Amino acid sequence: MKKRYTFSFIFLLLISIQVDVFAQKTRFTIADAIKVKSISSQNLSDDGKYLAGLIADGSARFDVDHFRFQDPSYVNVSAGDFVIIHTATLEEIRPYKDAAKVTSISWAPNSKELVFLEQKGESLHLMHFDVERKRLKEIKISGTPLLANSSLTWTPDSEAVIVNAREASWMERAMTLYNEATKGPIVVYDGNKPFLKWDEIRNTNSLTTILKVNKNNGAAVKLLEESNYSGINISEDGQNLIFSETLPTKTAYVRNEGADYQVAYKMLSNPDSTYLLYKKNKQRRNFNWSDSKSKYAWVDSGQVYIQTLGTDDVKNLTKGKAYSDEEKKKEVKFSIMTWSPQEGKLLLSSDKGYWLVDTNGEDLKMVYEFPKDKESAPSLNFENWSKDERYLYFSYSDKNEWKRGFVKFDLAEQKMEDIRIDKNLYSGVQFAKNSEVVVLNLSDGNMPSDVVVTDWSFNEMQTLTNLNPWMNEKKLTRSELITYRNVDGKELKGILYYPVDYEEGKKYPLVCEVYEGFFANGYNRNMNLFANQGYFALRPSVDLEMGYPGEAWVKGITAAINKLVDEGKVDNDKVGVQGGSYGGYATSLLITQTDRFAAAINISGKVNIMSFLGDSPKIGTRNYTAAEYGQDRIGGTLWDEPLKYLATTAVLYADRIKTPHMIMTGEGDWNVPGTNSRELYYAMRRLGKDVVWVNYLNGGHGAGAASNESDFHDHWNRVFEFYEKHFNKEKKDGDDK
């Protein structure tokens, strides 16, 4: 009895200490939400010795001028602390004393120096940093060209950099088009011209020339004349420049139409030489290049072809070698995953599994068959191939519970092996090209990620960053994966976030944040802010069906709420719902179908899918394609399926809304203009409904949360006040809620 008493006493003492420690923590506030830091633009040197990146908090997004979207003269690189971390010693090197506007970080093949673009004023400058000497300098390019914000490619000898630049006449041409569309005084939109006006502006903004710039003296050689380039590569021997071109022909309302594509290479020793690998064609062809860039593979009609650069010999590696139906001779359709390190094999995938094929085309075999129940089988994402070519490394995520990590497939034993599987959240994996060093982002699922370094065993993980130590003193939510069935009986998942001072047996208000599907957790700003208000927060998944998207939210979200109410966690009279962008659209549509919610907030979401078709001119035909076969899932044009457009337009059913509704927009939102959301405000006000519209004149897509610091605070304070007002108002006689 004495031992039991002693153990019980110690256990209770430990619990008391934990409770006291948590009680000493302070609330996570709106100001705290801005302070949370992350590291972006991470780039690992080839030898794995250094990791470069940009550390910034939420304030870095406050200086965006949303009204200048597509303005050719507008340059906006987010500011942050540029840091280079030694992955073995953890030494930090900071080329700048203060925050700098840095982008396009690129390590030289020698792993001793890097280049990047820095915004100074309204232009970009090519910068060079010698890590060993800790010396920063600008590479002053001959002719002082205007640089474009794009990737930088080193030559294999680490002596020169390939950059995208502008022709001297480009700015004048681009600004003429932009000013015509924005300043007029008269703007003519002619449907007989091949391009929409804003497509013409965007096409012009994409034009660059390609320069080779000497890192030492800035001497520049023009390699390619003005066009729209992508996929810039240099072969390992330094002899050939490989590039793709997109050549717009017209504004198209069907994806992958309206342009011609071609792929070519140029011998750097002969500036006048250009050899087409893929002649101008309306179908895009994606080449998968070997590491040396001497070989390339592609897929055509499910068949895999390879070719060596500079030769005419094309091999079909798969034709007649594998059938999904032997009797009908229905051939397996493949996609390409990667080349082997020694470039003698290709890893392919089909709907049945992973395959290996020799580049001589003599041996094709399935090496891993997918589980028959694909819906519940874990997700595998290919990460790397071991240098001895025996193992394939994958990141792993279970679809039914939070089990995540890394596995490897032994090609010799034909066996999948676990390397590291736990509840942590892993992302941004980078393998060093010439060493066993691996860096990645690691989170326990609730805290923001930090960067760790490990090796291919993924065993010991050394922390490289400690970005937010102050958050250990803050009250933060904890997340839980929940399972429920929608009205149709389909099992769905959702992420539940607990109030910070949660007490078992007590009922709490709930705010649902809706969009599409949710599964993985991870630090979430919004959920922490709601948890610190004393609310449960929920990100429920829905089962969206092409042609009938409007039904999914009411079928799935209400079922998730019912589960939490039945469990005694949630106060049925204090349930709110909100969403941003597509989630805002879902919110407004949802409350036309149910009065289940005490309050609802639409943040930058459309309310009229018909008028929205032409509401975002700066992004071309996106709204048409999204409605017809994209995210909006209508499944046809307005003229083919008018009743479906009517059924998913919230403003037409404003008379059915009984839920107090707040609509939040940004005047500078080029994605979902506030003029669309405004329609529901006018409709509800005309009908005598409880509605408020908040339009942030400096805001963008995200309303006040995508504006300046003052608006950010105002946005969140209004959200809290809106829920508090409607969660705590007294019931009227006869009110069922």
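Helices, in the sense used here, are DSSP runs of H or I with at least four residues, numbered from the N terminus. By that definition Leu646 lies in helix α9, which spans residues 642-647. The model is predicted. Its largest nonpolar core has 51 residues, and the structure holds 37 salt bridges.

**Nonpolar cores**

- In the largest nonpolar core, the residues with the most contacts inside it are Leu510, Trp553 and Ile557.
- Two or more residues each come from strands β36 (479-485), β37 (491-497), β38 (508-513), β39 (536-540) and β40 (570-580), and from helices α6 (550-566), α7 (582-590) and α10 (674-686).
- Helix α6 gives the most to this core, with nine residues.
- Leaving aside residues up to four places away in sequence, Ile557 touches Cys512, Val514, Pro540, Val542, Leu590 and Phe597.
- Another core, of 36 residues, lies apart from the largest one and includes Met447, Met527, Leu529 and Phe720.
- In soluble globular proteins, nonpolar side chains tend to be buried together.

**Helix α4**

- The buried residues of helix α4 (residues 197-205) are Lys197, Trp198, Asp199, Ile201, Thr204 and Asn205.
- These buried residues pack against β11 (160-166) and α3 (170-182).

**Nonpolar surface patch**

- Leu643, Leu646 and Leu652 make a nonpolar surface patch of about 280 Å².
- Leu646 has a relative accessible area of 31% and is therefore partly exposed, since that class runs between the 20% and 50% limits.

**Salt bridges**

- Glu91 and Lys134 form a salt bridge whose closest N and O atoms are 3.7 Å apart.
- Because Glu91 lies in the loop between β3 (79-86) and β4 (92-93) and Lys134 in the loop between β7 (123-130) and β8 (135-138), this pair ties together parts that are 43 residues apart in sequence.
- Glu91 is partly exposed at a relative accessible area of 35%, and Lys134 is partly exposed at 48%.
- A salt bridge also joins the side chains of Lys120 and Glu138, at 3.4 Å from N to O.
- Lys120 lies in strand β6 (residues 113-120) and Glu138 in strand β8, so the pair ties together parts that are 18 residues apart in sequence.
- Lys120 has a relative accessible area of 33% and is partly exposed; Glu138, with 28% relative accessibility, also counts as partly exposed.
- The side chains of Lys493 and Glu491 meet in a salt bridge of 4.0 Å, N to O.
- Lys493 counts as buried because its relative accessibility is 13%, under the 20% cut-off, whereas Glu491, at 41%, counts as partly exposed.

Notes
Residues numbered from 1 in each chain as written. Predicted model: local features only at pLDDT ≥ 70, side-chain atom pairs only at ≥ 80, totals over all residues. Heavy atoms only, no water. Core = buried A, V, L, I, M, F, W, Y, C linked by side-chain atoms within 4.5 Å. Buried < 20%, exposed > 50% of the residue type's maximum accessible area, 1.4 Å probe, protein only. Contact = heavy atoms within 4.5 Å. Patch = residues over 30% accessible without salt bridge, like charges linked within 9 Å, V, L, I, M, F, W, Y side chains within 5 Å. Areas by Shrake-Rupley, 256 points an atom, 1.4 Å probe, with all protein chains shown as cover.
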